Amino acid sequence: MNKRKFTLEENEIPENWYNIVADMPVKPLPPLHPGTLEPIGPEALAPLFPMELIKQEVTSEKWIPIPDEVRNIYSLWRPTPLYRAYGLEKKLDTPAKIYYKFEGVSPSGSHKPNTAVAQAYYNKQEGVKRITTETGAGQWGSALSFACQHFDIECDVYMVKVSYDNKPYRKVMMNTWGANVYSSPTNLTEAGRKILAQDPNSPGSLGIAISEAVEMAAQREDTKYALGSVLNHVLMHQTVIGQEAIIQMEKAGDLPDIVIAPFGGGSNFAGLAFPFLRLNFEEGKNIRCIASEPASCPKLTRGVFRYDFGDTVGMTPLLPMYTLGHNFVPAPIHAGGLRYHGAGVIVSQLLKDKLIEARSQNDQEIFEAGVLFAQSEGIIPAPEANHGIATAIAEAKKCKEEGTSKTILFNLCGHGNFDMKAYQDYFEGNIVKSELTQKEINDSLAELTTPEIN
Ligand SMILES: Cc1ncc(COP(=O)(O)O)c(C=O)c1O
């Protein structure tokens with residue numbers, strides 16, 4: 001019998017997070033104060049984040065020790081399994097070898113608890129009583145609810161309206177872990193009221209929900225804010241994924257030629273890809289890393305690299321990133337976790353320097369890929385994860401056409417057991433066919449008054 005599953009022992013959970021900034025040939029540009037346009041110091045972030053996370057945000061240390069208590073909670077589901085996708089290879093009749101790392105075994109069903117637990121831990125250490133956050137697909141909100149419950153911290157989640165309506169059981173899951181969940185935009189915040197005044201039927205977006213959560217956190221001493229992606233420390237916490245995968249691929253006697261992951265703000269992509277990019281930097285390997293994003297929210301493939309706000313209303317510092325403009329409201333696609341106008345600063349710099357690649361697919365293509373995967377490998381993927389699968393399938397088909405055998409590894413970053421409405425819409429032919437025109441992108445970018453980067 002061919003070995004299908006590569007597992008590790010609990011004592012093989014990584015002991016450090018990997019900070020790719022230490023190895024980047026061109027370091028990321030600093031965030032700017034939106035008023036003065038001067039680089040901001042760590043103290044500007046203090047109202048929103050605990051000091052230890054701010055230190056991690058700006059550190060250039062290569063390895064950051066993972067506290068024992070965090071590793072202990074990780075051991076509930078880590079190390080996660082790595083599979084050889086024999087079923088999918090056979091279905092595609094491809095000479096490529098396909099592997100996937102499965103993060104859907106976590107309590108909330110995705111990679112998000114890898115950072116949620118770390119963030120809740122540092123907030124608890126610094127006496128924080130309440131954390132506010134946004135969630136798109138509901139995966140991040142669930143993960144933070146689970147983590148806050150563990151550390152007895154109150155958790156308020158602003159859930160993007162379209163997901164709130166489409167995924168009622170994600171809300172119940174968050175409630176089960178004791179969190180309060182609000183459909184964003186709400187009437188509870190200035191930011192929400194402003195959006196509702198412009199469009200009472202706004203489907204919401206991650207950018208809007210971030211504005212609401214940040215506003216609420218800034219109002220109370222005992223409350224901080226947590227972000228599920230984009231920021232440097234969040235990306236770094238996810239690197240446990242790739243570090244485990246390197247050992248598992250060694251056990252499989254392979255090294256990937258191509259590493260693929262879906263892309264919302266960059267965290268699961270960073271989690272899998274950054275440890276492999278370290279092998280490129282340190283050992284001269286040539287592993288291609290590809291980020292997969294929705295065609296209806298294509299910041300990496302059709303956006304511009306410039307300073308922009310991380311949220312819609314303009315409350316965050318200006319970040320140097322690939323963006324479609326902070327006013328951009330993506331079509332209400334089912335991959336709700338990928339409906340974000342911008343990209344993490346580190347990932348943006350790596351793309352600018354051509355050290356990583358990006359691809360986009362539409363919803364029709366990604367559900368075809370997800371159903372093919374479910375039928376050949378069994379697991380039903382989250383719609384976000386289907387983006388990675390679609391890119392992996394495209395690369396495997398290319399191998400067949402060219403008669404080459406490449407080794408492909410992708411991140412199956414979450415299961416789709418709460419996403420049956422999305423699959424139902426696909427089977428009933430009700431997938432939103434969003435053809436984003438260049439004019440729509442240009443119009444959104446034309447509204448930007450933030451600094452350009454030469
Ligand atoms: C299952 C899943 N995959 C991917 C993402 C995308 O986020 P990121 O790029 O930060 O990993 C999300 C975000 O909510 C998600 O829920």
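**Close-up views of the ligand site and the pockets**

**View 1. The shell of residues around the ligand.** By class, this shell holds four nonpolar, nine polar and two charged residues, where Ala, Val, Leu, Ile, Met, Phe, Trp, Tyr, Cys and Pro count as nonpolar, Asp, Glu, Lys and Arg as charged, and the others, Gly among them, as polar. The model is predicted, with local features needing pLDDT of at least 70 and side-chain atom pairs counting only at pLDDT 80 or more, while totals for chains, interfaces and linings use all residues. Residues are numbered from 1 along each chain as its sequence is written, and side-chain values use heavy atoms, with hydrogens and water left out.

View 2. An oxygen atom of the ligand lies 2.8 Å from a polar backbone atom of N268, and a polar backbone atom of G266 is 3.0 Å from an oxygen atom of the ligand. For K112, a polar side-chain atom is found 3.3 Å from a ligand oxygen atom.

**View 3. The second largest pocket.** A pocket is an open set of points on a 1 Å grid over the protein atoms alone, where a 1.4 Å probe fits, with protein on both sides within 12 Å along at least five of seven lines, and its lining residues have an atom within 4 Å of a point. The second largest pocket contains about 210 Å³ of space, a volume being the space filled by probe spheres set on the points. Of the 14 residues that line this pocket, I195, Q198, T312, N327 and V329 lie nearest its centre.

Definitions and conventions:
A polar contact is a pair of N or O atoms within 3.5 Å; within protein, one must be able to donate a hydrogen and the other to accept it, and residues adjacent in sequence count only if both atoms are side-chain atoms.
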